[in-house]
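Please open the structure in a viewer and keep the sequence at hand.

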Amino acid sequence: MAGVGSLHDLMRHYDQHLEGLESLRTLLNDQLAATRRLRDSRSARRAAAIEAALERLDRGCYGTCLRCGALIPFEQLMRRPQRRHCDGCAETPTRAA
């Protein structure tokens, strides 16, 4: 029966994860609406980044680093929900081919 407790814990964590993703989806949608009200090139780039984050969320790969595949901590996503890289990869410059 030890597995049942572990399963309940796993399901609880999964439910918390889903709630967190939904709060991030709301945050992204709010930021997208605010960004679209502005009409400059910087806002257009930011809107594109937010739309890409929403697409990753729909595909189920949101919150993972596009370079190394590591999970991006929830707290970092709350500060900048459209981020695409973990701190380690964001600080490492890309190599020229």
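**Stop 1: Arginine 84**

Select arginine 84, which is partly exposed at 45% relative accessibility (partly exposed lies between buried, under 20% relative accessible area, and exposed, over 50%, with a 1.4 Å probe and protein chains only). The model is predicted, so local features need pLDDT of at least 70 and side-chain atom pairs count only at pLDDT 80 or more, while totals for chains, interfaces and linings use all residues. Residues are numbered from 1 along each chain as its sequence is written, and side-chain values use heavy atoms, leaving out hydrogens and water.

Arginine 84 sits in the loop between helix H3 (74–79) and helix H4 (87–91); helices are DSSP runs (H or I, at least four residues), numbered from the N terminus.

**Stop 2: A network of salt bridges**

Next, select Glu22, Arg25 and Asp58, which a network of salt bridges links (a salt bridge is a side-chain nitrogen of Lys or Arg within 4 Å of a carboxyl oxygen of Asp or Glu). Between glutamate 22 and arginine 25, the closest N and O atoms are 3.6 Å apart. Both residues belong to helix H1 (residues 2–37), at a spacing of three residues, about one turn of the helix. Arginine 25 also meets aspartate 58 in a salt bridge of 2.9 Å, N to O. This pair links distant parts of the chain, as arginine 25 is in helix H1 and aspartate 58 in helix H2, 33 residues apart. Aspartate 58 is exposed, at 58% relative accessibility.

**Stop 3: Helix H2**

Finally, select arginine 59 and glutamate 55, whose side chains form a salt bridge (3.3 Å, N to O).

Technical notes: Helix = DSSP H or I, 4+ residues; strand = E, 2+ residues; numbered from the N terminus.
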